[in-house]
Amino acid sequence: MNKHLHTFHGGIHPPENKVQSTQTPIEPALLPDKLILPLQQHIGQQAQPLISVGERVLKGQMIAAAVGYVSAAVHAPTSGTVTAIEPRTLPHPSGLSEQCIIIEPDGQEQWTDLTPLTNYQQVAKETLLQHISNAGITGLGGAGFPTSVKLNPSQDLNIDTLILNAAECEPYITADDMLMRERAEEVIQGLHIIAHILQPSQCLIGIENNKPEAVDALQQAIESSHLKDQIRVLSIPTKYPSGGEKQLIQILTNREVPNGGIPADIGIVCHNVGTAVAVSRAISKGEPLISRITTITGEAVKRQGNIEVLLGTPIEALLTHFEVQQDQLHRVIMGGPMMGFTLDSVQLPVVKASNCILATTRKELPDPAPEQACIRCGMCAEACPATLLPQQLYWFSKSREFDKALSHNLLDCIECGACSYVCPSNIPLVQYYRFAKGEIRIEEHERTASDHARQRFEARQARLDQEEADKEAKRKARADVAAAAKKEKAAAQDNGEKKPVDAKAAVVQAALERAKARKAQKAAEAKGSTDTPAADTTEKEKQSAPAMSAVERAKARKAANAAKQPNDSETASEGEKKTGGLSALEKAKAKRAQSSTAPNAEDQATPASEKPQAKGLSALERAKAKRAANGDEQTAEVSTDAGSGTQAKPVKALSTLEKAKAKRAQAAAQDSGETDAPAEGKPLSAIERAKAKRAETVQTPAEKTTPASNTDESAETANKKPMSALERAKAKRAEAATQSESADTETSEPVTEPLEEKPAAPMSALDRAKAKRAEKAASQAADDSTADTEKRD
Amino acid sequence: MALLRVSSPHLSRRGNTGDVMLLVIMATLPGLAMLTWFFGWGHLINIVWASLVAVACESLTLLLRRRPLAFYLTDYSAILTAVLLGLSLPSLAPWWLTLIATGFAIIVAKHLYGGMGQNPFNPAMIGYALVLIAFPLEMTSWLAPQTLAIAPGQAMGFFDTLQAIFPFIAQAGAEGFDAVTMATPLDAFKHKGAITSEEFWASELVISPESWKAWQLVSLGFMVGGAYLIYRKIFTWHIPVSMLAALTLLSLLFWATDPSNYAFPELHLLGGATMLGAFFIATDPVTAATSVKGKLYYGAGIGILIYLIRTWGNYPDAVAFAVLLMNFVAPLIDHYTQPRTYGHKSTK
């Protein structure tokens with residue numbers, strides 16, 4: 001009957017200690033005064049409670065539903081009332097707390113409605129799996145993996161062997177032994193159902209040869225089975241840990257589960273016999289998993305045996321039932337002596353994976369002996385069932401060389417304890433490996449977190465860089481356009497004739513000319529003199545003449561400054577809207593420069609030159625011009641154009657010195673209230689307007705040429721967008737003031753330095769604020785109109 | 001009722017390193033008995049003296065290292081080193097020779113490397129090699145075998161031996177016993193000079209049949225002890241078998257081609273300290289290779305080196321040097337002979 005059996009490497013033969021608990025049959029369940037049901041009794045996600053505190057539940061009623069695919073439901077083991085849903089300490093090595101449902105039994109054992117699937121062969125596989133999942137069945141061998149998931153291997157895996165694990169290799173545990181002796185038919189029934197789901201070609205039951213009664217019972221049950229040709233009971237030599245899934249598979253089939261894989265990868269599915277019984281009950285009787293067989297043993301309990309325990313029974317109840325001797329109780333282990341974990345308290349409940357409660361005295365399981373030095377005897381490597389090198393793993397774990405430990409396959413260790421069992425130096429090897437695995441897990445976690453943080457950082461950097469690049473590109477584009485315009489203007493100047501490079505330049509030209517004309521007109525109005533001809537001339541000249549050279553512009557500027565009134569500086573500058581988006585600052589500076597040059601602006605309406613394009617004189621030239629203007633005030637050659645040119649230039653930041661000089665010039669040119677040739681075409685720049693306004697308020701109410709110019713410009717300028725309400729208001733105000741102002745221009749007080757932070761003559765805070773706001777709004781409008789101009793080009 | 005909290009596993013085979021060491025010491029008794037029978041009390045006295053020295057040196061070093069004495073002394077590793085040295089050194093080795101050898105072995109070869117389990121070289125062999133190179137005369141003065149050596153009046157009695165080893169123990173009026181020293185068979189064979197092997201064996205002056213027989217029986221005694229240790233699973237058969245097999249094969253090869261110049265295999269196997277080395281020295285777990293394949297390479301390496309040094313080297317008995325040389329190589333062997341783990345495909 002026994003086919004040829006293989007073996008696995010290593011293994012140990014600890015004293016079995018099983019005979020104590022097999023003397024009596026399985027005792028029926030006892031009803032404790034409360035049941036504690038953790039929502040997490042399995043591998044996978046925690047179950048979700050379906051009931052609330054105070055509800056009455058029936059025996060077998062689902063009180064928590066599975067969440068997700070890898071999860072299991074929880075059922076009420078008896079009828080009673082839910083007294084609490086709260087965190088309680090779990091029976092787990094960590095001792096952590098999780099949500100538990102506490103039920104107080106009412107003693108009636110009232111069942112809920114059960115729905116068996118009596119003809120399971122006709123039922124679809126999915127229905128069977130759903131039924132098993134609803135019954136909350138997990139692996140009862142100790143790992144607790146949800147059974148319905150295990151019974152549903154991936155479609156591309158061909159399952160040819162079903163193995164029932166009846167080995168129970170750990171000392172002391174006899175739960176499966178007694179189960180098979182008493183309920184072998186249910187075991188085989190469960191085997192039938194599982195085989196129906198998986199459709200393997202052979203079914204093997206691996207059982208150790210220290211359980212002859214169980215072997216006989218199984219053989220008998222198989223006799224009456226319809227699958228009896230496919231089922232084989234194989235009695236394997238007693239060796240620890242033959243009950244390990246990987247080891248049992250190797251013994252029975254000589255196949256090895258690949259590293260990182262599951263047995264299904266090699267066509268094998270392995271279930272515990274207790275799980276098979278649970279499946280049988282769920283399908284044929286509709287009973288969910290609410291109880292299990294547990295061995296209570298150890299020398300601290302007077303009676304030792306097996307009992308069918310309701311899940312959630314506190315261990316204390318069981319120990320009391322088996323007459324524990326409290327003064328001798330030294331250690332309580334849930335599980336076996338090789339792989340079980342100690343419990344800190346006896347109030348903890350029995351869960352689905354509790355196959356044994358071991359209550360030992362100090363003599364039975366003495367305290368661990370002190371660790372001695374490793375003598376490198378190699379007995380651990382001889383005992384290891386996973387063919388690892390425990391000695392090397394020990395050295396690496398001890399010296400924290402975790403990468404070397406990983407390369408020596410530390411993660412393949414099943415923590416069976418065979419190595420530390422044989423170690424002559426009493427080295428706690430498994431504890432070292434657990435420590436190393438924990439450290440590796442922490443390092444892995446930290447590495448993932450830091451990788452994530454690095455990714456986020458890099459993304460943010462990329463985003464910032466992109467924004468920078470975009471800004472740069474925009475600025476470059478503007479600069480390119482301006483440079484092109486400048487080049488074009490320079491070329492035109494050199495040739496001495498108007499040569500619009502492109503349509504855009506022509507439009508710009510037109511705009512400049514209009515501004516000039518406006519300025520001239522304004523000057524004419526302000527002065528009351530016939531500037532119009534000059535303006536006309538200017539306009540004409542602007543339209544026809546190419547840009548003046550820098551020197552000419554400087555001269556013109558000087559003249560203009562000598563002639564014009566300080567408060568009209570804006571008119572010149574306002575015409576100099578450059579296409580490239582002359583900033584408000586630049587415009588202001590240009591204006592200032594103009595006003596600091598010779599005051600003869602309107603007389604020197606530049607005949608020919610169009611308003612120079614945006615980038616005109618350099619700062620140096622401007623400064624020179626200014627200085628010249630300061631030293632030579634009465635040269636009235638500065639034309640509007642020059643002034644405009646000056647103003648039209650992109651004004652680089654003037655040094656403090658230059659600013660001061662300019663200021664002085666301003667102050668000196670008190671009576672030079674000449675207006676520049678009224679700018680035409682473009683409206684006065686915002687700065688210019690604002691400054692004019694400010695100057696007006698400072699000095700005389702009459703200095704309101706800006707609005708006048710504004711209105712003029714607005715009237716004259718074609719293709720301008722409608723003036724904003726602000727501008728219109730300003731214009732009106734200016735107009736009103738201009739009339740009175742014209743009388744005072746000669747004796748106007750020094751105009752405030754447009755760029756001054758603190759005006760020479762105190763301005764009220766309110767006015768300053770207004771001026772600033774106006775400046776901003778106007779510059780915005782000016783920019784927009786500039787943009788419009790560009791667009792239209 | 002406070003419950004103990006420890007993590008699994010909770011079971012372990014009762015025993016500790018001291019038990020292993022004691023068992024090994026017990027296993028040397030057959031060989032020791034043979035030695036005492038044939039060569040007198042010398043070895044026994046040397047063992048006792050060496051043990052005293054070893055324990056003293058170990059205690060001193062442990063105090064310097066601030067370790068608990070009782071815990072470390074009861075692993076009996078110092079005594080085992082002393083026993084091995086007492087068996088390896090000549091029976092009439094002066095007391096200071098044993099002292100130097102043992103002291104150096106314990107302090108330098110063992111504790112200076114970190115204590116038991118941390119030494120890369122076999123401490124007993126380090127001690128032996130040191131005195132062999134430093135004091136060649138004393139190390140090559142082996143006693144001639146005296147059958148029934150312990151019979152009174154026939155050979156050196158206990159006190160005579162004691163006096164020979166500790167000359168300062170002067171018994172008034174006692175005469176010094178003139179011991180008859182003789183080279184070991186290996187030594188003699190090495191220095192046979194131009195005569196052929198057959199002549200060598202025929203000549204009784206160089207080596208007597210009793211001497212040869214005595215040495216054979218001593219080696220067999222050690223073999224018995226070693227077999228017992230394998231039975232008790234103190235170590236596996238791999239190292240002794242591979243060492244002896246390699247030595248046999250090599251000597252067989254050379255002897256078959258030229259019997260008159262090369263010693264026959266039995267001389268190599270049973271003459272000298274081969275058996276002692278195979279079962280008690282080469283199998284020292286701390287300094288040997290650990291994997292199964294590694295042990296085979298390790299043992300074979302020792303066997304080959306023994307033959308090479310004995311035949312073409314300067315020293316008649318090469319076990320110590322062969323073992324020390326393979327101690328160098330053991331970590332390398334370990335690195336390249338890792339077994340395949342379950343579930344993994346075999347790589348490299």
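Two strands are taken as paired if DSSP finds at least two bridges between them, and strands themselves are DSSP runs of E of at least two residues, numbered from the N terminus. The model is predicted: local features need pLDDT of at least 70, side-chain atom pairs count only at pLDDT 80 or more, and totals for chains, interfaces and linings use all residues. Residues are numbered from 1 along each chain as its sequence is written.

**View 1. Strand β12(A) and its paired strands.** Strand β16 (residues 356–360) of chain A runs parallel to β12(A), joined to it by 3 bridges. Here Thr297(A) stands opposite Leu358(A). With strand β13 (residues 305–310) of chain A, β12(A) pairs in the antiparallel sense over 6 bridges; Gly305(A) is the bridge partner of Ile296(A).

**View 2. Burial of strand β12(A).** In chain A, 7 of the 7 residues of β12 (residues 291–297) are buried, so the strand is largely enclosed by the rest of the structure. Buried means under 20% relative accessible area (1.4 Å probe, protein chains only). Ser291(A), Ile293(A), Thr295(A) and Thr297(A) are buried on one side, and Arg292(A), Thr294(A) and Ile296(A) on the other.

**View 3. The contact between chain B and chain A.** Contact (heavy atoms within 4.5 Å) takes in 40 residues from chain B and 62 residues from chain A.

**View 4. A salt bridge between the chains.** Asp334(B) and Arg376(A) form a salt bridge, their closest N and O atoms being 3.6 Å apart. The term denotes a side-chain nitrogen of Lys or Arg within 4 Å of a carboxyl oxygen of Asp or Glu. Between chain B and chain A the count is 3 salt bridges.

Definitions and conventions. Chains lettered and ligands numbered in written order. Heavy atoms only, no water. Buried < 20%, exposed > 50% of the residue type's maximum accessible area, 1.4 Å probe, protein only. Helix = DSSP H or I, 4+ residues; strand = E, 2+ residues; numbered from the N terminus.
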